[in-house]
Amino acid sequence: MSLEGKLVSEINIKCDGDVFHEIFRHRPHHISTMSSDKVQNVDIHEGEWGTVGSVIFWNFTHDGKEKVAKEIIEEIDEEKKLVKFKVIGGDILDCYKSFYVTVHVETKGEDNLVTWILEYEKLNQDIPDPHTLMKFCLDVTKDIETHHLTGKLVSEINIKSDGDVFHEIFRYRPHHISSMSPGCIQNVDIHEGEWGTVGSVICWNFTHDGKEKVAKEVIEEIDEEKKLVKFKVIGGDILEAYNSFYVTVHVETKGEDNIVTWILEYEKKNCNVPDPHTLMEFCLNVTKDIETHHLN
């Protein structure tokens, strides 16, 4: 039986293929922030990031154990978006006489296909094929994809109207907002449950980016002490672009100041979906309209 082997796996990612390649070529030291439970640290020991011949040192967790790998970049092909590493030290060489890792990305339209290739020679026939290392590579790929598709926007705005009243509107009577901000919100109905309760389902008719839209939301959380309401979008136009979308609004009162904080947390369907800055602007505009309504 031959001691040499080769494993090949492909995985489709929704994030940008050029960015994925750029991470493994120029900034693998950023991967620990994207896949922290698997890759703890990446340092350069010789050369410069993104160059053939540079030596990189990886601290990672594999099969429940903390391990290290010292690798040299053997090949870079920008046209194929390919980087090939040769393992020259660390735990992997306890089992393999030689070990090479190649990662490349093929982009076709909106599809980005990542291919991992592991080429190796075992020290003896009792050594298993590195299927768990291949799974490790695929799991890191998924983590990097998730990192680039998920996001969070936070904005604060100071209002002169009463903070308790502002919170009470979003908790108990969002159906009154259409009379305060008719240019943004045309109607709000309750579909399930009661106003002001966790689990109640609310449907919003609103105008965003010049288009009439709808959003179906469930109240996920209410915190009276923080004057906080958190909504989860479960239907409507927003989910045409996002796999998940959460909207949190809370008010902090300091003396005469009432600071309204809006938090949008989301996962995009693909890398072409923009961050929801215009939706954040929409929330801030509604806030200003409510403030003006109460001051007048």
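Let's start at Asn 205, which sits in strand β10, residues 201–208 (strands being DSSP E runs of at least two residues and helices H or I runs of at least four, numbered from the N terminus). This is a predicted model, where local features need pLDDT of at least 70 and side-chain atom pairs count only at pLDDT 80 or more, while totals for chains, interfaces and linings use all residues. Residues are numbered from 1 along each chain as its sequence is written, and side-chain values use heavy atoms, with hydrogens and water left out.

**Around Asn 205**

- Asn 205 is partly exposed at 28% relative accessible area (buried is under 20%, exposed over 50%, partly exposed in between, with a 1.4 Å probe and protein chains only).
- Beyond its neighbours within four places in sequence, Asn 205 is in contact with Ile 185, Gln 186, Asn 187, Lys 213 and Val 214 (contact means heavy atoms within 4.5 Å).

**Domains on record**

- UniProt, in an unreviewed entry, lists residues 2–151 and 152–296 as "domain: Bet v I/Major latex protein"; the positions use the numbering here, feature names are shortened, and annotations may be inferred rather than shown by experiment.
- Residues 2–151 come out as 22% helix and 50% strand, and the end C-alpha atoms of that span lie 47 Å apart.
- For residues 152–296 the figures are 23% helix and 49% strand, with the end C-alpha atoms 33 Å apart.

**The seven-stranded sheet**

- Here 7 strands make an open sheet in the order β1-β7-β6-β5-β4-β3-β2, with antiparallel pairing (two strands pair if DSSP finds at least two bridges between them).
- The edge strands are β1 (4–13) and β2 (39–46); each has a single partner strand, so one side of each is left without a neighbour in the sheet.
- On average, neighbouring strands of this sheet are turned by 25° against each other, direction ignored (axes are lines fitted to C-alpha atoms, for helices over the stretch in contact, and angles run from 0 to 180 degrees between N-to-C directions).
- β2 runs antiparallel to β3 (residues 55–62), joined by 6 bridges, and Asp 43 has Phe 57 in β3 as its bridge partner.
- Helix α1 (residues 17–26) packs on the sheet, touching β1, β3, β4 (65–77), β5 (82–90), β6 (96–108) and β7 (111–122), and its direction makes about 155° with that of β6.
- Helix α3 (residues 131–149) also packs there, touching β1, β2, β3, β6 and β7, with its direction at about 20° to that of β1.

- β10 pairs with β11 (residues 211–223) in the antiparallel sense over 8 bridges, and in β11 the bridge partner of His 208 is Lys 211.
- That hairpin has 2 residues between the strands, and Asp 209 takes a positive phi near 55°.

**Rings**

- The whole structure has 14 aromatic pairs (rings of Phe, Tyr and Trp, the last by its six-membered ring, pair if their centres lie within 6.5 Å; planes under 30 degrees apart are stacked, over 60 edge-to-face, the rest tilted).
- Phe 99 and Tyr 120 are a stacked pair, 6.1 Å centre to centre with 25° between the planes; Phe 99 is in strand β6 and Tyr 120 in strand β7, 21 residues apart, and both are buried.
- Trp 204 and Phe 231 go edge-to-face, 6.2 Å centre to centre with 90° between the planes; this pair links strand β10 to strand β12 across 27 residues.
- Trp 204 is buried at 8% relative accessible area, and Phe 231 is buried at 3%.
- Phe 20, Phe 24 and Trp 116 are linked into a cluster by ring pairs.

**Lysines over rings**

- Lys 230, in strand β12 (residues 228–236), is buried with a relative accessible area of 19%.
- The charged end of Lys 230 sits over the ring of Tyr 246, 5.0 Å from its centre (this needs NZ of Lys or CZ of Arg within 6 Å of the ring centre and within 35 degrees of the ring normal).
- Lys 230 also touches other residues beyond four places away in sequence, including Glu 220, Glu 221 and Glu 265.
- Lys 84 does likewise with Tyr 100, its charged end sitting over the ring 5.1 Å from the centre.
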